[in-house]
Amino acid sequence: SLRRIKFNCYPRTETLREHKAHTDYGYGNHHYGAVFSLNTCDGFTRLPDGSKANSIANRIVFFDAGKNHNSSTTTTKSARYNINFNFL
């Protein structure tokens, strides 16, 4: 079941900034997340296994949102745009 859909806009920064790791909803248990990138830039989402999912327009990445993950800003575009989904 769908829990949340939200739009993120991370404005451009002079240096690439990686945000603090977090779990969605603070559940601490397994549930799904997805990030759909609306534009291509040097920003990324760091996934629970430590890998990076680069921001490439029209790409969606699925992961366990109950485990630590995080986002970043961009230095190559005016902003990084994506849509986040949380579901069970």
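Which strands make up the open sheet of four strands, and in what order do they stand? The order is β1-β7-β2-β5, and the pairing is antiparallel; a strand here is a DSSP run of E of at least two residues, a helix is a run of H or I of at least four residues, and both are numbered from the N terminus.

## Basis of the model

This is a predicted model, in which local features need pLDDT of at least 70 and side-chain atom pairs count only at pLDDT 80 or more, while totals for chains, interfaces and linings use all residues. Residues are numbered from 1 along each chain as its sequence is written, and side-chain values use heavy atoms, with hydrogens and water left out.

## The chain as a whole

The protein chain has seven strands and zero helices, so that, read from the N terminus, its elements run β-β-β-β-β-β-β. Its radius of gyration, taken over C-alpha atoms, is 12 Å, close to the 12 Å that the globule rule gives for 88 residues, so the chain is as compact as a globular protein of that length. The globule rule is 2.2 Å times the number of residues to the power 0.38. Along its principal axes, the C-alpha trace spans about 35 × 20 × 20 Å.

Of the 88 residues, 38% count as buried, where buried means under 20% relative accessible area, exposed means over 50%, and partly exposed lies in between, with a 1.4 Å probe and protein chains only. Among contacts (heavy atoms within 4.5 Å) between residues at least 6 apart in sequence, 77% join residues at least 24 apart.

## The sheet of four strands

In the sheet with the order β1-β7-β2-β5, β1 (2-11) and β5 stand at the edges with a single partner strand each, so one side of each is left without a neighbour in the sheet. Neighbouring strands of this sheet are turned by 20 degrees against each other on average, direction ignored; the axes are lines fitted to C-alpha atoms, for helices over the stretch in contact, and angles run from 0 to 180 degrees between N-to-C directions. Two strands are said to pair if DSSP finds at least two bridges between them.

Strand β2 (residues 32-37) is joined to strand β5 (residues 60-64) by five bridges, and the two run antiparallel. In this pairing, Ala34 has Phe62 as its bridge partner in β5, and Tyr32 has Asp64. Six bridges join β2 to β7, again in the antiparallel sense, and in β7 the bridge partner of Tyr32 is Phe87.

## The sheet of three strands

An open sheet of three strands has the order β4-β3-β6, with antiparallel pairing, and its edge strands are β4 (52-54) and β6 (70-71), each of which pairs on one side only. Strand β3 (residues 44-46) pairs with β6 over two bridges, and the bridge partner of Arg46 in β6 is Asn70.

Thr45 also lies in strand β3, where it is buried, with a relative accessible area of 8%. Its side chain is joined to that of Arg80 by a polar contact of 2.9 Å, a polar contact being a pair of N or O atoms within 3.5 Å; within protein, one must be able to donate a hydrogen and the other to accept it, and residues adjacent in sequence count only if both atoms are side-chain atoms. Not counting residues up to four places away in sequence, Thr45 touches Val35, Ser51, Lys52, Ala53, Asn70, Ser71 and Arg80.

## The nonpolar core and its surroundings

In soluble globular proteins, nonpolar side chains tend to be buried together. The largest nonpolar core here has six residues, namely Val35, Leu47, Ala53, Val61, Phe63 and Ala65; such a core is a set of buried Ala, Val, Leu, Ile, Met, Phe, Trp, Tyr and Cys residues joined through side-chain atoms within 4.5 Å. Leaving out residues up to four places away in sequence, Phe63 touches His31, Tyr32, Gly33, Ala34, Val35, Leu47, Pro48 and His69.

Val35 lies in strand β2 and is buried, with a relative accessible area of 8%. Beyond four places in sequence, the residues that Val35 touches include Thr45, Val61, Phe63 and Asn84. Asn84, found in strand β7 (residues 79-87), is buried as well, with a relative accessible area of 14%, and, leaving aside neighbours within four places in sequence, Asn84 is in contact with Arg4, Ile5, Lys6, Asn8, Ala34 and Val35.
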